[in-house]
Amino acid sequence: MTSNSTLAEALVTGPVVLDGGMSNQLESAGHDLSDELWSARLLAERPEAISEAHLAYFLAGADVAITSSYQATFEGFAQRGIERERAAELLGLSVELAREAAGQARAKGVTRPLWVAASAGPYGAMLADGSEYRGRYGLSVAELERFHRPRLEVLAAAGPDVLALETVPDAEEAEAQLRAVRGLGVPAWLSYSVAGDRTRAGQPLEEAFALAADADEVIAVGVNCCVPEDVDGAIEIAARVTGKPVVVYPNSGETWDAEARAWNGRSTFAPQEVLGWRESGARLIGGCCRVGPEAIGSIARTLRPA
């Protein structure tokens with residue numbers, strides 16, 4: 001842990017700034033991510049690049065680094081010929097690299113508390129076919145739990161401050177992940193990918209958030225990897241249904257074309273919107289895809305004025 005207080009304790013006293021998109025920061029540094037493993041490939045090939053990306057966000061003002069394990073799974077690594085033992089090492093390395101970046105930030109004069117969130121993306125992220133934005137994989141809750149549990153066990157053993165169950169498109173997958181984190185001894189946040197007032201799979205957000213209301217492991221609920229325009233409504237529902245702190249980190253507002261593997265449209269992300277999000281109950285606030293250090297710096301300065 002990089003702070004004397006837990007993340008859950010920090011959320012009681014005020015907003016905490018999350019980092020931004022890992023992939024866009026790596027791409028801006030010149031790294032090619034045109035691969036089914038996405039940024040997880042660099043865990044094996046260029047781990048120092050991941051530390052550098054985390055450090056850029058810490059120096060910009062982020063309090064929490066989300067690890068590069070979003071698309072890192074035993075199954076995905078196996079498709080690349082990486083054996084299970086090595087895959088477990090790479091999952092643990094994702095947490096270690098974020099810790100390393102926190103140490104580097106300390107050496108550069110950052111004195112505020114810093115935390116590490118171990119990312120666990122949805123089943124569809126492993127498929128790399130865009131189904132992470134649809135859900136409805138044709139698997140049962142029990143099958144999804146069996147997929148998620150081994151990876152979450154390894155990530156938890158690496159000692160993150162929190163597990164980020166993120167970009168979840170489907171309430172049934174959320175149910176599976178909530179089962180999978182029980183007994184791991186590490187708190188979690190649950191964050192859906194949404195369209196309007198529904199999950200990507202079409203379930204009402206009231207029902208989706210309610211799954212986490214009584215989950216003691218969950219310290220925050222909310223949304224990520226959505227357009228900024230969907231955040232306000234989601235905050236209200238999440239806070240009302242669960243009574244927990246809300247986590248929000250939307251995309252820039254551009255649209256991902258899964259077939260072309262490219263972003264289209266224009267950015268609608270406005271850092272000044274975070275004041276309204278905070279007033280509505282958001283406590284973990286940052287950005288996802290296409291939101292870089294400059295925008296995170298603006299969020300940090302808005303939420304923590306000098």
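Is Arg136 buried, partly exposed or exposed, and at what relative accessibility? Arg136 counts as partly exposed because its relative accessibility is 47%, where buried means under 20% relative accessible area, exposed over 50% and partly exposed in between, with a 1.4 Å probe and protein chains only. The model is predicted, so local features need pLDDT of at least 70 and side-chain atom pairs count only at pLDDT 80 or more, while totals for chains, interfaces and linings use all residues. Residues are numbered from 1 along each chain as its sequence is written, and side-chain values use heavy atoms, with hydrogens and water left out.

**View 1. Salt bridge between Arg136 and Glu172.** The closest N and O atoms of Arg136 and Glu172 are 3.4 Å apart, a salt bridge being a side-chain nitrogen of Lys or Arg within 4 Å of a carboxyl oxygen of Asp or Glu. This pair links distant parts of the chain, with Arg136 in the loop between α7 and α8 and Glu172 in helix α9 (residues 171-180), 36 residues apart; helices are DSSP runs (H or I, at least four residues), numbered from the N terminus. Glu172 is partly exposed, at 33% relative accessibility.

**View 2. Salt bridge between Arg179 and Glu145.** Here the closest N and O atoms are 3.8 Å apart. Arg179 lies in helix α9 and Glu145 in helix α8, so the pair ties together parts that are 34 residues apart in sequence. Arg179, at 30% relative accessibility, counts as partly exposed, and Glu145 is likewise partly exposed, with a relative accessible area of 24%.

**View 3. Salt bridge between Arg240 and Glu236.** The closest N and O atoms of Arg240 and Glu236 are 2.7 Å apart, and the two residues, 4 apart in helix α11 (residues 231-242), are separated by about one helical turn.

**View 4. Edge-to-face pair of Tyr123 and Phe147.** The count comes to 4 aromatic pairs, under the rule that rings of Phe, Tyr and Trp (its six-membered ring) pair if their centres lie within 6.5 Å, with planes under 30 degrees apart counted as stacked, over 60 as edge-to-face and the rest as tilted. The ring centres of Tyr123 and Phe147 are 5.0 Å apart and their planes stand at 80°, so this pair is edge-to-face. Tyr123 lies in helix α7 (residues 123-127) and Phe147 in helix α8 (residues 141-157), and both residues are buried. Ring pairs link Tyr123, Tyr137 and Phe147 into a cluster.
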